Amino acid sequence: DQQEIKSAESLLLDLEVIRSATNNFSDANKLGEGGFGPVYRGTLDDGEQIAVKRLSRTSGQGIVELKNEVVLLAKLQHRNLVRLLGCCLQEEEKLLVYEYLPNASLDKVLFDPVRRVQLDWARRYKIIEGIGRGLLYLHEDSRLKIVHRDLKASNILLGGDMNPKISDFGLAKLFDVDETQRNTSRIAGTYGYMAPEYVLRGRFSTNSDVYSYGVLILEILTGRKNSGYQGSGNSIDLLGYVWRHWNKGDAMQVVDQSVVDRCQPQEVLRCMHIGLLCVQEDPAQRPSMASITLMLNSYSVGLP
Ligand code: ACK
């Protein structure tokens with residue numbers, strides 16, 4: 001692992017440069033709290049905007065996840081993955097530096113009462129498709145086989161044109177090409193997005209990512225957050241809710257109003273169907289990302 005970090009040495013950044021870009025990690029520059037510490041906004045001397053994840057001293061698991069993220073992201077480049085610009089792995093300060101994405105996370109855009117944005121069908125479809133391309137790249141198009149393990153709305157960041165980018169590779173795992181699944185006793189992830197075989201038996205695979213992607217599709221179409229196994233607040237058992245309406249034949253009832261206003265119901269329902277295929281109990285029944293992107297691309301959505 002040390003050697004792999006060395007191979008990412010071209011990514012090493014000077015701590016002073018990041019300090020000055022973020023006004024010495026001032027509160028005014030703070031974007032929010034991430035999985036292992038605060039995230040800051042910054043501007044480099046040449047004007048380039050950056051986002052900086054700073055490891056909290058109290059985060060024990062954090063350093064493992066941070067290194068995992070550097071090692072994996074350094075090998076990846078795709079328009080639907082957040083770009084890692086560099087890192088700082090000094091004794092006193094551990095930082096990851098990314099391109100800055102101005103439109104917050106999908107979680108805020110869909111669910112936050114203050115930052116919610118009206119998204120029409122064409123936009124939502126582009127977001128669904130973009131996440132799918134990013135995930136296809138991780139699973140099979142990058143020469144590597146990577147299982148993300150924590151795909152969720154708060155880990156999807158939106159660029160200037162609302163182009164979605166998958167972020168947070170702290171839990172991601174590199175698989176051998178012919179490896180299909182792996183077992184763990186350390187189940188880490190997010191309820192509501194974790195596939196049943198992962199929650200119950202610690203078994204994860206590209207298929208368990210597909211399950212999370214299916215939850216995302218349903219959240220994007222309905223504008224509702226899935227509670228998973230422990231309902232709380234404004235979140236619901238989204239899968240049960242969508243399935244019930246699907247079986248009754250009135251699935252358009254569950255679709256967010258700003259989608260309904262300007263869409264071809266047929267296209268929305270086909271997309272919802274893909275989401276439902278992804279969240280099937282049996283991992284072997286779920287489609288691969290390759291067939292999902294084929295199914296998605298076979299529609300002709302009238303994009304501007
Ligand atoms: O939803 P947000 O505005 O987007 O709030 C969270 C916060 O930091 C804690 O994770 C934001 N964030 C994380 N990475 C980036 C990035 N590369 N560009 C812009 N904002 C980011 C995230």
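Helix axes are lines fitted to C-alpha atoms over the stretch in contact, and angles run from 0 to 180 degrees between N-to-C directions. In this predicted model, helix H7 (residues 206–222) packs against helix H10 (residues 265–278) at an angle of about 145°, with the axes 7 Å apart. The crossing of H7 past H10 is left-handed. The residues that make this contact are listed by helix.

| Helix | Residues in the contact |
|---|---|
| H7 | Val210, Tyr211, Tyr213, Gly214, Ile217, Leu218, Leu221 |
| H10 | Val268, Cys271, Met272, Ile274, Gly275, Cys278 |

By class, the contact of H7 with H10 has 11 nonpolar residues, two polar and no charged ones.

The largest nonpolar core has 74 residues, and Ile217 and Leu221 touch the most other members of that core. Leaving aside residues up to four places away in sequence, Leu221 touches Val268, Cys271, Met272 and Gly275, as well as Arg124, Val255, Asp256 and Val259.

The ligand is surrounded by 15 residues, of which Gly32, Gly34, Ala51, Ala104 and Ser105 are the closest. Strand E1 (residues 30–34) gives the most to this shell, with four residues. By class, the shell divides into nine nonpolar, four polar and two charged residues.

Leu13 lies in the loop between helix H1 (2–7) and helix H2 (15–21). Leu13 counts as partly exposed because 19 C-beta neighbours lie inside 10 Å, while a buried residue needs 20 or more. Residues up to four places away in sequence aside, Leu13 touches Ile18, Gly86, Cys87, Cys88 and Val97. Asn24 is 11 residues from Leu13 along the chain, and their C-alpha atoms are separated by 15 Å.

Definitions and conventions:
Residues numbered from 1 in each chain as written. Predicted model: local features only at pLDDT ≥ 70, side-chain atom pairs only at ≥ 80, totals over all residues. Near = placed C-beta within 6 Å. Helix = DSSP H or I, 4+ residues; strand = E, 2+ residues; numbered from the N terminus. Nonpolar A, V, L, I, M, F, W, Y, C, P; charged D, E, K, R; others polar. Core = buried A, V, L, I, M, F, W, Y, C linked by C-beta atoms within 7 Å. Buried ≥ 20, exposed ≤ 12 C-beta atoms within 10 Å, placed from the backbone. Contact = placed C-beta atoms within 7 Å. Left-handed = near helix turned anticlockwise from the far one by under 90°.
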